[in-house]
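Hi everyone, thanks for coming along. I'd like to walk you through a structure that may be new to you, so please have the picture open as we go.

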Amino acid sequence: MLRPALVRRLTLAVLLAAVVLLAAAAATAEAAPVGAGPAPAGAAHAIAMHGAPALPKDFRAFRYADPDAPKGGRLTQAVLGSFDSLNPFIVRGVPVQAIRGHVIESLLVRGYDEPFTLYGLLASGVETDAARSFVTFTIDEAAAFSDGAPVTAEDVLFSWQLLRDKGRPNYRTYYAKVAKAEAIGPRTVRFDLAGAADRELPLILGLMPILPRHAVDAEQFEETSLKPPLGSGPYVVAAVDAGKSVTLERSPRWWGRERAVNRGLWNFDTVRFDFYRDDNAYFEAFRKGLYDIHVETDPGRWETAYGFPAARDGRVVKEEFSTGLPRGMYAFVFNTRRTVFADIRVREAIGRLFDFEWINHNLFFDRYRRTGSYFEGSELSHRGRPADATEKALLAPFPDAVRPGVMAGNDPPPTTDGSGRDRAGLKAALDLFGEAGWALDGQVLRHKGDGKPFTFEILVTTKDQERLALGFVRTLKRAGIEPSIRMVDAVQFEQRRIQFDFDMMPNRWDQSLSPGNEQAFYWGAAAADQQGSRNYMGVRSPAVDAMIAAMLEATSRETFVATVRALDRVLVSGHYVVPLYHLPTQWVARWDGVRHPAATSLYGWLPETWWRAPAP
């Protein structure tokens, strides 16, 4: 059980407005020059969030990669949407996300068979103390950018400062927690984390993208650009067709080919990403063989649309991959900044009007499962688990933050009779609307005070989202609500999402088995008005902030799991979204020319481990 003193301290920290403290940290953090001290001794090859890394220093390759996989050939992947930037590290523009990893590397890389363990990539060694009050990285002697320039401590310091000052809000928030950064040798960097109270921060810094100081214009960094970035990764940008495609080719100077963390990965000589604005054109392109791998999320298409000749004769293969990850939260998001959604009773009422059973049967062949947790299907979920002593201690200062049923773990999402005209659900919703000051006037739900009708806009960007929204509108109208559906292209959707310019929209938050700092970026009060954050619903909850703070201070896996479950309970109780559904497995269709390892990672399928089958 957590000590009461700790709970009080966490609560006080929230009430003192963490965002102010972060801003102060950013203002006082400094980068010291090279030569501030000797290189650290005893650096490790890996670091785990909790416990010890699973793999020894001399491991040959990750279990889910085939170190003997053939190299060569071309992989074409498809992305639904568009792009106008090759810089994924800033708010402006719609970037090509594949730049991260393929072109730009980090100091450490994730092991996908563990909840959160990082192994050396650009950094051959990492050192920290039990309190995680500092972290030191030693850069691999061979590490170099694709132009041949070595990766140095100065590049690391430059990247930290640039992303802290001009990067996306998550970078600014994380890196502002560093009290001091210094190069203690040409290849060694130390970050002083005193006062951060964040045990995840050494790992977050390990995942920092490392940019070349000699090739980045810091003054223009925040501007969108299609100029190919210089990185140290396995690929370089070879061709760009603005908004349509990006082609990457293997870097002839890639320094990391024989490193254990890369064996069996990055097997293609060329990787091309084609962008499609329309979902139908996107799938038709796969049927025609224009790209190699299609991740399927539509049960109707999975059941009925794979009867084309290549699928019948085995040239296209349908596969299901298991995953140990939380299933993620796919939901219709309430923008609580809008007055119409400010009342929690209104949000709960609308949630009761989502007829999952009817939609799942009539649109999705009953293949989906209803989501009722932000960490669905994992040990981090509260569902089916009464709050334990640790959770109760954490939540004690916030007695109204969690509904009793959620605290007991037995309050699933509402169900219907599947008829599409469930009377019990409609009555429950209208009762909640009545408590919130709304009442039916004939066939229209109006506010009791000013008589205004209840209406809002659902923002969507794909045909599938539109179809789902239409299914939802069907039941909303039965309660006298007249919502409108606005369909926009991917670029406009992203711009409006970044600016919180919507009433309701569909969104998905994926989760790992070791959630951490990003949770503040998703749900923290400091992110609620920070454009570019993922706190789309505008959560401002002292209880949420306190649970995130406790999660970041947890020193054991057991305490960590309890804090995440407590966070889950608070979020579910707030009715910030209408939870939708998830698939029990990952559905992937591939053309037979590409192959994958026999083993699947804890995180599911990983395209970077696939390869092109050699010609017979």
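Let me begin with a term: two strands pair if DSSP finds at least two bridges between them. Keep in mind as well that this is a predicted model.

With that, look at strand 4 and strand 5, residues 117-120. They run antiparallel and are joined by 3 bridges. One place to look is Leu108, whose bridge partner in strand 5 is Gly120. Now widen the view: these strands belong to an open sheet of 3 strands, in the order 2-5-4, with antiparallel pairing. From one strand to the next, the twist averages 25°.

Next, the nonpolar cores. The largest of them has 121 residues, and Phe191, Leu205, Tyr374 and Trp523 have the most contacts inside it. Take Leu205: leaving out residues up to four places away in sequence, its contacts include Leu107, Trp160, Phe191 and Leu193. There is also a second, separate core of 56 residues, with Phe283, Phe334, Val473 and Leu583 among them.

On to the aromatic rings. How many aromatic pairs does the count come to? It comes to 41. Phe354 and Phe472 make one that is edge-to-face, with 5.4 Å centre to centre and 80° between the planes. Phe354 is in the loop between helix 10 (344-352) and helix 11 (356-364), while Phe472 is in helix 15, so the pair ties together parts 118 residues apart in sequence. Both of these residues, Phe354 and Phe472, are buried.

Compare that with Tyr368 and Tyr581: their ring centres are 4.0 Å apart and their planes at 20°, so this pair is stacked. Tyr368 sits in the loop between helix 11 and strand 16 (369-370), and Tyr581 in strand 23, so here the parts tied together are 213 residues apart in sequence. Tyr368 and Tyr581 are both buried, too.

Last stop: Asp503, in the loop between helix 16 (490-498) and strand 21 (504-509). Is Asp503 buried or exposed? Its relative accessibility is 18%, and the cut-off for buried is under 20%, so Asp503 counts as buried. What does its side chain reach? It reaches the backbone nitrogen of Glu457 at 2.9 Å, and a polar contact of 2.7 Å joins the side chains of Asp503 and Arg338.

Key: Residues are numbered from 1 along each chain as its sequence is written. This is a predicted model: local features need pLDDT of at least 70, side-chain atom pairs count only at pLDDT 80 or more; totals for chains, interfaces and linings use all residues. Side-chain values use heavy atoms; hydrogens and water are left out. Helices (H or I, at least four residues) and strands (E, at least two) are DSSP runs, numbered from the N terminus. Buried means under 20% relative accessible area, exposed over 50%, partly exposed in between (1.4 Å probe, protein chains only). A polar contact is a pair of N or O atoms within 3.5 Å; within protein, one must be able to donate a hydrogen and the other to accept it, and residues adjacent in sequence count only if both atoms are side-chain atoms. Axes are lines fitted to C-alpha atoms, for helices over the stretch in contact, and angles run from 0 to 180 degrees between N-to-C directions. A nonpolar core is a set of buried Ala, Val, Leu, Ile, Met, Phe, Trp, Tyr and Cys residues joined through side-chain atoms within 4.5 Å. Contact means heavy atoms within 4.5 Å. Rings of Phe, Tyr and Trp (its six-membered ring) pair if their centres lie within 6.5 Å; planes under 30 degrees apart count as stacked, over 60 as edge-to-face and the rest as tilted.
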